[in-house]
Structures are given as C-alpha cells and as structure tokens.
Amino acid sequence: MTQTKSQLESSERFKPKASRRDFLGIAAAWSAIAAFVMAMLGAFRLPMPSVFPESNSQSKLGKPNRFLEGSATYFPKQNLWLSRSQEGFHAISSVCTHLGCIVERDGEGEFSCPCHGSKFDRAGNVAGGPAPKGLVWVDLSISPEGWLVADTLKETKQGTYLKV
Amino acid sequence: MAMTDVPETSKQDKRRSIGEPGALRRLGSNLLDTPSAFRKSLVRHGQPTSDRAKSQTVFTNFFLHILSTRTHLHSIKAATTLGLGVATMMLFIILCFTGVLLMVYYKPSVDLAYASMLDIMHVVPSGRLMRNIHRWSAHGMVACVMLHMARAFYTAAYKKPREFNWVIGMSLFVLTLALSFTGYLLPWDQLAYWAVTIGANIAQSPKELTDALGVTAVFDIGRFQKELLLGAHYVGQEALIRFYVLHVIILPVAISILIALHFWRIRKDGGLVRPSYADEPMDGSASQHATASNEPGPAVIKTYGLMGLMKGKTPAVDREMRNTITTWPNVLYVIGAAAMLTTLAMIVLGVLYDAPLAEMANPAVPENPAKAPWYFLGLQELVSYSAFMGGVGIPAIVVLGLALMPYLDREKEDAGIWFSGRQGRRVSFMSAIFGAAVVIGMLAFTVRFGWLRNWEATARIPQIVITFFNPGTVFVAIFAVWSVVVVKLTRSTRMGAIALFTCFLVGFAILTYFATVHRGPNWDFFWSHNDWPVH
Ligand code: HEM
Ligand code: FES
C-alpha cells in the first residue's frame, strides 16, 4: 500500500512526541519572559509619581471681610477667580477645560480662552468653542483661624456657595 | 609550500647572523616602517583601484559594510530617492553633534534654563550659531522625514519585501516628532511653555471620551498619561526634567537603534526598490556585465558574499551584476554630496536666521495665540474642534493606517515607479484636487457658519456628538469614502492607497498653511497677520 506524502506526514510515526526536555525548555523560556516583564513593570513604576510636587494644594486667599460683595478677585498663582455675591463666596478656576490655557474674564463676568476660542458664561458653563465641559468650581473653606482657603485640586459642584 | 618557505627562513637566519646590533637596527627600521605598517594593519587591502579592491574596501570596513559592495545604477539616480533619506540621517547627525555642544551650557531647571539660553545666544562663543543650526536642523529633519516617507510611498517602496522596513520607518517618523516636541520645551520661553501645556493636555484628552462614557472614575487613562508625562498636574520642574531626559537620551538612542535597523533592512531587502525594467541590459547590449569592468569582482574570492538570500522568483545569478557599479567610490560620492549639501544648507540658515526665543515662560498669561511648531499646527486646527479627536483620535488613525498600508495593499506590480505609472499619476492629481476642495470647503464653512455649538438649535448638544462629529472627523470620513470609491473604480488597492495618501498629504499641507497664516488671537480667523488686533 502506498501512502501519499501528506498521509505520511500526518501519520503517527512522524508526530514528534512531546518530550520532557521540550517541556522544560518552554517552561524555562516562559518563566524568563515573565520575570523580565515583572522586572520591567517594577522599573517603570518609577516615573509614576506617588507624591506630586503640588500635593499641598490648599492656599489661603485672605480674610473673608477683605472682599466686598459683588467683587471678583483674580489669584494668578492659584489660577482662580474668587467672587463674592449675595449667596456667598465661590471660586472659578481660570484653567480652560479644553487644553489648559488661562481664560480671560471680561467686564460682564464671562470668560473666553485665547487658545482655541472657548467661551464660558458667568457660572463657567460652556457657551461656545471646543471646551468639553464647564470651568471647574474650586472647593472653598474657612480655616480655623478664619482664613478663606481654596483647594485647587478639589472640585466642587457648580452652584456651591460658601456662606460666611 | 616548503619551496616558498625556504628563502624566507634563510633570510631571517641571515639577518640574525649579522650580529649584535641586528636587533637594534631592526627596531630602528621598524620604527621607520611604522606608519606604513600601521596603515596596512588599519586597511587590510591595497589601494582601491581595481574593482576587487574597491569591493573589499566596502566589505571589510565596519562603517561601510552596511552598503553592498556593488550598487544598482537605478539606486543612485537622483530621481529615485531625491536624497531625502540621506538628508534625514545627516540632519539627525548634525542634531546630535550640536545638541551635545548645547548640553555643555544648558541647565534643565525652571530657574536657570531660560538664562542659559540667553547665555548661549549672547555670551557663549559660537553658541548662537550652534543653537540656530540645531533649531533649523530640527525643523529640517521633520520636513525631510515627511518628504522621505512620501517618496517611499509614491515609489511603492513599502511593498514586499520592504513591508517591515516601512513599519520601522513609521516608528522613526513618530519618534522624530517626539524628539522635536520634547526639545521645544527646553528653552522655557512663553512659546515653549504654552505649546507644551497644550500638548500635555492633549495627552489627557481621552478624558473627553471617558467623561462622556461616564467611566473616568474607574478608567482614567488621560490623567495617567498626563501625570506620567509631566510628573505633576502642570508643566513645571518635573516636566522639564522628564522632557530633557527624553530629548537627550531616550529618544536619540531609540532613533539611532531604529536607523541602524532601517539601513540593515534596506541591505537585506536587496537594496533600494527598483522597477523590473531596471534589470534589463542597458543600451540594448546583450553583454551580461554591461557596466562591470573586465576585472573580476569579489565573486571570485568571496562567492558567499554575493550569493546572499535574494528575494525573487529566479536565482539572480549574473542578473545581480547587471547594471551595477562599485559602491566605492560612486555611491559614497552620492551619499557624501547629499550629506554635505544638507550640512551646508543648515550652516547657511544658521548664519542668516536666528532661532526664535520669546520671553521667559509665564504660567499666568498664555501667549495669544499660542501656536505650536508648524508641523503640529494642522493638528492644532483639528484640536480646536475636539481635543480628543484632533489630538489623539485622528493622528492615531493616520499613523495606524499608514503602518498597515503594506499589509492592506499587496499588489506586486509597479514597485519602484513614481506614482506607479500613468493611472497613478491621474489618481494622485484628482485626489489632490478632491482633497483640497474638501478641506478648503470645510474650513470655509466652519469659519463662516461655525459648528454645532454656534447654532441655536444645537447649542446644548452633548459633548460626545461634537467629539465624533466635527469638521476634522467629517473630512477624514470623506477621504476614507473617496479612497474606497477609487478602489472600486480602478479595481486596485494601490490606487486606493494613492488616493488616501494624497488626500491626507494635501489636507495636512492646507491645514498647516491655514493655521499658520489665517489663525490669530483667540484662534480667530484673519486674512493676514496685519489684521490682528493690537493690544
Ligand atoms: C529618522 C528617520 C529616517 C531616516 C534617517 C531614514 C533613512 C533612510 C535612508 C538613508 C534610506 C535609503 C534611501 C533614501 O535615501 O531614500 C531609506 C530608505 C527607506 N525608508 Fe527611510 N528613513 C527614515 C524614516 C523613514 C520613514 C518615516 C519611512 C516611512 C514610513 C521610511 C521608509 C523607508 C523605506 C520603505 C525605504 C526603502 C526605500 C526603497 O527601497 O526605495 N523611512 N531610509
Ligand atoms: S485651551 Fe482654551 S480653547 Fe483650547
């Protein structure tokens, strides 16, 4: 009986038996790869900071009575506009939610961004341009000594006013 | 063997027998001989006058052996490569050279960086020239790498067996842009600061998508990328050091390794791509060694050197030699000329034009308009529609699409022919016009009428709609449809590829021009710089 080449090749005789040596070799290769990957993960954990340089994000803005009702004061270091109205204090971040430029505030209290022309209304809602969401309302509190404190990394809900 | 040895030994015996001063005299004559003996140990073959010695010159030299000993005539024609690959390489070398010199004075600290730039410009001997050359070469490298890519594309050099080299090329393209971008921050001036702030926030822009999907709380890839890049939440000292490390070590080393691979691959892929007719005998002469001289090539002693693994259907015996010339010195002249012209151009630019330096970075007041370097301005225009699609989505689609090109278009014909011949030239021409019309049309529409947010009915539309439906995504979609139509009409994937590539190239050029010339403060439209409001 003659066999074709493909029959021959698929026959039992031609199937190499998985040997113990193969198994050990493959296992060794994979454990080396796994060890390498884990080592790299460990090494590349380094550039991911666990403490940020600005982790102390709270700063004193002043005593509340310094600010008149109806006033808006800019704090360039904290990038925020502090406003006082009848409802109380609120602080709106001047960092554009599009790509991080600093928005300008006009006489009407509306904001516009110089970089790609985003516009925001008095409450920080998007009124035009590419910004995906409104300006951030920054968390305000009163310190035990009676200072007005802003936490620039803490967001608060729009319409949250601090009564003094 | 013994026969030839005899005179040798007897001579030595004689020398030794001359007597005591022999050793000293030998030392003396060795000393006199040292220059020539040293030269012989350095260059282990004779003067490269015969073809064989010329081949050996290339073959045995560590730096030259990346070239083959003989080169096809088609490969050194100016119209084949336009010298763009060599120009890119030379610019990279110039950048490394001038960059290391700049490192001598540059200090990567937010307090000192700007002052050290001023020093380099005004105090350091030839500092201004080195900085100018560095800056213009950086621009030049980006321009050349793009043009080189276009050359490789239009001559269909990405086809088998060069698919993977095209992919390596794509990685080099991305790394070159990264190299430029990281260098842009280092002067720590206003332009640098705000361009990089925008860039870092583009890294964060996947947030636009995750926010819209409401998954940011569990999967905030945007924030992760930004923190990894900046080491903080704003561009500051941490960011400056990170960009510096990337710019002076990580990216140059990565690029060097990939360039070496890129060149190695060219060699292994059988040299530069050439059309099949380039292997026909020239001048109708039937001689198999039409241009090879009578002297034996290296084949005689280095047979294995020429029987490399060549791709192709038939053994390439003899055909290998046809229409080739020795690499030394012909190809070296060509490479040298391209490299020297590039260097000359950079020196002239450096002498004539100063690299810009704006005021020192001021995190409180953005530059208005804060424009990125020219090669990112097209993206900046797209970003002004949607940060995520313009800054991440569309670039990712383009880079992925380009990298997959050789795997999607596998037609074998016409590699090595510009535009793949008549039909390709027509498709390129039509696509250029079509692409230009679409992009100009969309820009005009957007400038004149605005987009969804500017219209009463759609002013409050959810962000996700704008993310996926904005002028940028619209013309990318139109281009895709156009190229599918071209594939259908011409029944050729190569023609479809040409259509798509041409549309993107033209789109890129127009967007870059538009953002450079017609965008002013607040990213508003102006006919020219003279119309900008004064403030
Ligand atoms: C740092 C960047 C790069 C350098 C230094 C470089 C250098 C070179 C050089 C010197 C050549 C020889 C032919 C010539 O001079 O044109 C070449 C060929 C080639 N390059 Fe690049 N290149 C770079 C980036 C790219 C990019 C971005 C692509 C495409 C995505 C690419 C794809 C190719 C291909 C496919 C070839 C083979 C061309 C052929 O066979 O005709 N390279 N490269
Ligand atoms: S950063 Fe404000 S609109 Fe782009």
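Predicted model: local features only at pLDDT ≥ 70, side-chain atom pairs only at ≥ 80, totals over all residues.
User: In S4(A), which residue is the bridge partner of Leu80(A)?
Analyst: Residues are numbered from 1 along each chain as its sequence is written, and chains are lettered from A and ligands numbered from 1 in the order in which they are written. S3(A) and S4(A) run antiparallel and are joined by 6 bridges, and they form a hairpin with 2 residues between them. Within S4(A), the bridge partner of Leu80(A) is Ser93(A).

User: Which strands of chain A stand at the edges of the sheet?
Analyst: The open sheet has 6 strands in the order S1-S10-S9-S4-S3-S2 of chain A, with antiparallel pairing; strands are DSSP runs of E with at least two residues, helices runs of H or I with at least four, numbered from the N terminus, and two strands pair if DSSP finds at least two bridges between them. Two strands of chain A have a single partner strand each, so one side of each is left without a neighbour in the sheet, and these edge strands are S1 (58-62) and S2 (72-75).

User: In S9(A), which residue is the bridge partner of Ala91(A)?
Analyst: S4 of chain A (residues 88-93) is largely enclosed by the rest of the structure, because 6 of its 6 residues are buried (under 20% relative accessible area with a 1.4 Å probe, protein chains only; exposed is over 50%, partly exposed in between). S4(A) is joined by 2 bridges to the antiparallel strand S9 (residues 137-142) of chain A. In S9(A), the bridge partner of Ala91(A) is Val138(A).

User: What area is buried between chain A and chain B?
Analyst: Contact (heavy atoms within 4.5 Å) links 26 residues of chain A with 32 residues of chain B. In chain A, Met48(A), Leu99(A) and His116(A) lose the most area to chain B, together 24% of what that side buries. Carbon and sulfur atoms give 61% of the area buried between the two chains, an accessible area (1.4 Å probe) lost on putting the parts together and summed over both. That total is about 2400 Å².

User: What is the relative accessible area of Arg52(B)?
Analyst: Arg52(B) has its place in helix H3 (residues 51-59) of chain B, where buried residues include Asp51(B), Ala53(B) and Lys54(B). What covers the buried residues of H3(B) includes strand S1 (70-72), strand S2 (324-326) and helix H14 (327-352) of chain B. Arg52(B) itself is partly exposed, because its relative accessible area is 35%.

How values were computed
Heavy atoms only, no water.
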